[in-house]
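I opened my notebook today to look up a few things in a new structure. Come and read along with me.

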Amino acid sequence: MSTTEPLTGRRWTEADIGRTELRPTYRADLRRTSRDVFADAPHLDFSRLSWKDVGRPYRVENWSRERLAWEAEHGEQLPVPRAWAMFNRSFQSLFDEDPVASRVAALRRAGLKLSTLDVRAAYAAIGEVVRSSVWNQAHRVGDTVWDPRAKRSLFAGLDLVRPRVLFLGAADGYEAMLLSAMYPGGEAVLVDYDEYCVEGRFGAFPVEYPFLGVDPATGHEKVWYRDQMNISYVVSDIRDLDFGPEFDVVVSIGLVEHFPDEYKPLAFDWHRRFLRPGGYAVLTTPRVAARTKAFYLLFGDLMNFSYRELQNVAQLGLYAHENGFEVLRHGVIKSHNGIVCRSR
Ligand SMILES: C[S@@+](CC[C@H](N)C(=O)[O-])C[C@H]1O[C@@H](n2cnc3c(N)ncnc32)[C@H](O)[C@@H]1O
């Protein structure tokens, strides 16, 4: 069901549950989730799978011009933390812009440049038109990045009461907010070593964005906002964290695929080290598909600063299994694979 009257200017309430609306930069979505939004993949016995069965992940290697320019200037490979600093600023610029207004402006620019026979600039402007259109469809209309309904399905049904959630490589912290609404009353600790994320990404996340969750007092559905949640942000390299095994959930969204295979054990160990016994590790990685390959090709300048794999869900599950996890649930959300696991 979609909206009939616009809600702009006021906060959503419980009366709006079941509705969705396009805002200038994102979709607000309070439609209830059904299990089939998260597509459980067919049963896989990861203990019997081998890399011969599932193949190796696909590597994205069309690097951004900013990375190539930095490396040409410095004569060395772009350091990974610096690559993330570039990524976060450039990815956030997409969330900050109104893609429909950007498309109109780029179309005008293309027309002007063509009228003065500046073909190069006209071509660049047409590239902007295409990018704004694709981002509008991918994020604002299709909601394939935040993807709240499928992620709610992925996170549903966990045995959690007032959980402590640790989000590794949190960037804008979106999934911690989704979890906080679904399992309220606990706390979420966001960790990212790029200081910009605190204000530039988490801080820039719309305060009026509604999260569908529950009211712990009544057990009824409730609309939550980020300013009602208990969230702290730690700027640190994950390797330097001195937490013990104290979290009920450790989550990462698009992190482990940035580690080549020799570093995968380290990346998975991060998900285990801070988990209390019986706690859940929840991981997602981008799916390998014609659509995602095309996206990273088109958005290479804005996205591709460091090593990146596109995986299928069997590959993600096999990495988790090989690195000491029992995969409790695996499946696909709109543009990512998702798994819920426990330390074996
Ligand atoms: C691909 S992003 C996660 C995707 C995220 N959901 C988004 O919207 O951009 C990975 C994040 O992990 C952070 N990161 C990578 N390695 C890290 C490390 N060793 N310690 C802390 N943060 C790290 C990066 O700064 C980046 O913000």
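I began with Gly75, which sits just after α2 and takes a positive phi of about 65 degrees. My labels for helices (H or I, at least four residues) and strands (E, at least two) are DSSP runs, numbered from the N terminus.

A note to myself: this is a predicted model, where local features need pLDDT of at least 70, side-chain atom pairs count only at pLDDT 80 or more, and totals for chains, interfaces and linings use all residues. Residues are numbered from 1 along each chain as its sequence is written.

Is helix α2 well covered or hardly covered? I found α2 (residues 65–74) hardly covered, with one buried residue among its 10. I call a residue buried if 20 or more other C-beta atoms, placed from the backbone, lie within 10 Å of its own C-beta atom. Over the chain, buried residues make up 37% of the 344 residues.

Next I looked at the whole chain. I listed 12 helices and 14 strands. The radius of gyration, taken over C-alpha atoms, is 21 Å, close to the 20 Å from the globule rule for 344 residues, so the chain is as compact as a globular protein of that length. That rule is 2.2 Å times the number of residues to the power 0.38. Along its principal axes, the C-alpha trace spans about 65 × 55 × 40 Å.

Then I turned to the domains, whose bounds come from an automatic or database domain assignment. I noted domain 1 (14–49 + 145–343) and domain 2 (97–142). Their centres, taken over C-alpha atoms, are 32 Å apart. Nine residues of domain 1 are in contact with eight of domain 2; contact means that C-beta atoms, placed from the backbone, lie within 7 Å.

Which residues are closest to the ligand? I wrote down Trp84, Gly169, Ala171, Tyr193 and Gly254, out of 17 residues that surround the ligand. Helix α3 (80–96) and strand β6 (187–192) each give two or more residues to the shell. The largest share, three residues, comes from α3.

A hairpin joins β13 to β14 through three residues. I also saw that Val327 stands opposite Cys341 in β14.

Conventions
Buried ≥ 20, exposed ≤ 12 C-beta atoms within 10 Å, placed from the backbone. Contact = placed C-beta atoms within 7 Å. Near = placed C-beta within 6 Å. Pairing = 2+ DSSP bridges.
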